[in-house]
Amino acid sequence: MTLQGPEAYATTAGVPARPGMPARLLGTAAPVLRDLRDRVGRSPRALDFAPGDVVVVSGLPGSGKSTLIRRAARGLGIDSQDARDRWDARMPRMLPYAVYRPLVRIAHYAGLRRALRSGESVVVHDCGTQTWVRRWLAREARRRGSALHLVLLDVSPAVARAGQRERGRGVSGYAFARHRRAVGRLISDAERGRLPQGCASAVLLDRDAAATLGRIGFDAP
């Protein structure tokens with residue numbers, strides 16, 4: 001993975017050993033961690049991964065995942081919101097989303113499977129709560145000889161709730177609490193160098209870093 005911007009550098013080395021790092025990572029090729037939070041004015045404008053790699057963008061509902069993917073991934077993104085929008089356009093307005101949610105999920109995962117089987121690079125929207133999805137993506141990345149990378153949006157619950165209001169689409173208090181726990185664990189583990197199984201790297205972004213990022217590409221050697 002290569003970062004392009006005011007402080008461009010290639011992440012070719014693993015995170016250094018430090019207190020609290022799992023013993024299974026010591027003395028091995030550890031996952032790469034890049035923390036781009038609290039770098040106002042010094043955030044990179046682009047992230048470049050190797051051709052064929054899979055990038056998962058995770059964060060709270062309303063944190064800006066869909067916005068980032070649409071702006072930076074440029075046609076490479078697989079977003080569950082796109083599947084929902086397509087089904088929303090087909091369904092009667094008075095029909096609750098809960099009724100056809102299973103169809104939306106089937107359509108989303110079917111599209112994701114096609115993208116993965118194509119062997120092309122892909123950027124995937126992930127709510128952070130479905131661990132089986134990341135395991136599946138890691139298996140698919142290994143199957144085709146590529147790597148899985150995690151991009152984590154770290155924003156406060158208040159900012160995420162404001163993002164939901166801006167788009168006019170929120171989640172229940174129960175669902176939001178579940179997302180908070182899941183995403184909180186992902187961020188906390190990443191800060192300690194403990195990435196999900198099969199993950200080669202993680203990038204931590206705050207709101208400013210995400211807004212600065214204009215491109216997620218797959219041109220790195």
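**A walk through the predicted model**

The protein has 7 helices and 10 strands, where helices (H or I, at least four residues) and strands (E, at least two) are DSSP runs numbered from the N terminus. This is a predicted model, in which local features need pLDDT of at least 70, side-chain atom pairs count only at pLDDT 80 or more, and totals for chains, interfaces and linings use all residues. Residues are numbered from 1 along each chain as its sequence is written, and side-chain values use heavy atoms, with hydrogens and water left out.

Of the 221 residues, 46% are buried; buried means under 20% relative accessible area, exposed over 50%, and partly exposed in between (1.4 Å probe, protein chains only). Among contacts (heavy atoms within 4.5 Å) with a separation of 6 or more, 78% join residues 24 or more positions apart.

Val 171 lies in the loop between helix H5 (157-167) and H6. Its relative accessibility is 27%, so Val 171 counts as partly exposed. Beyond its neighbours within four places in sequence, Val 171 is in contact with Pro 61, Arg 161, Gln 164 and Phe 176. Pro 61 is 110 residues away from Val 171 along the chain, yet their C-alpha atoms are separated by 7.6 Å.

Helix H6 also takes part in a surface feature, giving 3 residues, the largest share, to the positive patch. This patch of positive charge gathers Arg 101, Arg 105, Arg 178, Arg 181 and Arg 185. Helix H3 (97-118) and helix H6 (173-191) are the elements that give two or more residues to the patch. Patch residues have over 30% relative accessible area and no salt bridge, with like charges joined within 9 Å and nonpolar side chains (Val, Leu, Ile, Met, Phe, Trp, Tyr) within 5 Å. A salt bridge is a side-chain nitrogen of Lys or Arg within 4 Å of a carboxyl oxygen of Asp or Glu. Arg 105 is in helix H3 and is partly exposed, because its relative accessible area is 48%.

Conventions
Accessible areas come from the Shrake-Rupley method with a 1.4 Å probe; for residues, only the protein chains shown count as cover. Lys and Arg count as positive and Asp and Glu as negative; His and the chain ends are not counted. The place of a charge is taken as NZ of Lys, CZ of Arg, CG of Asp or CD of Glu.
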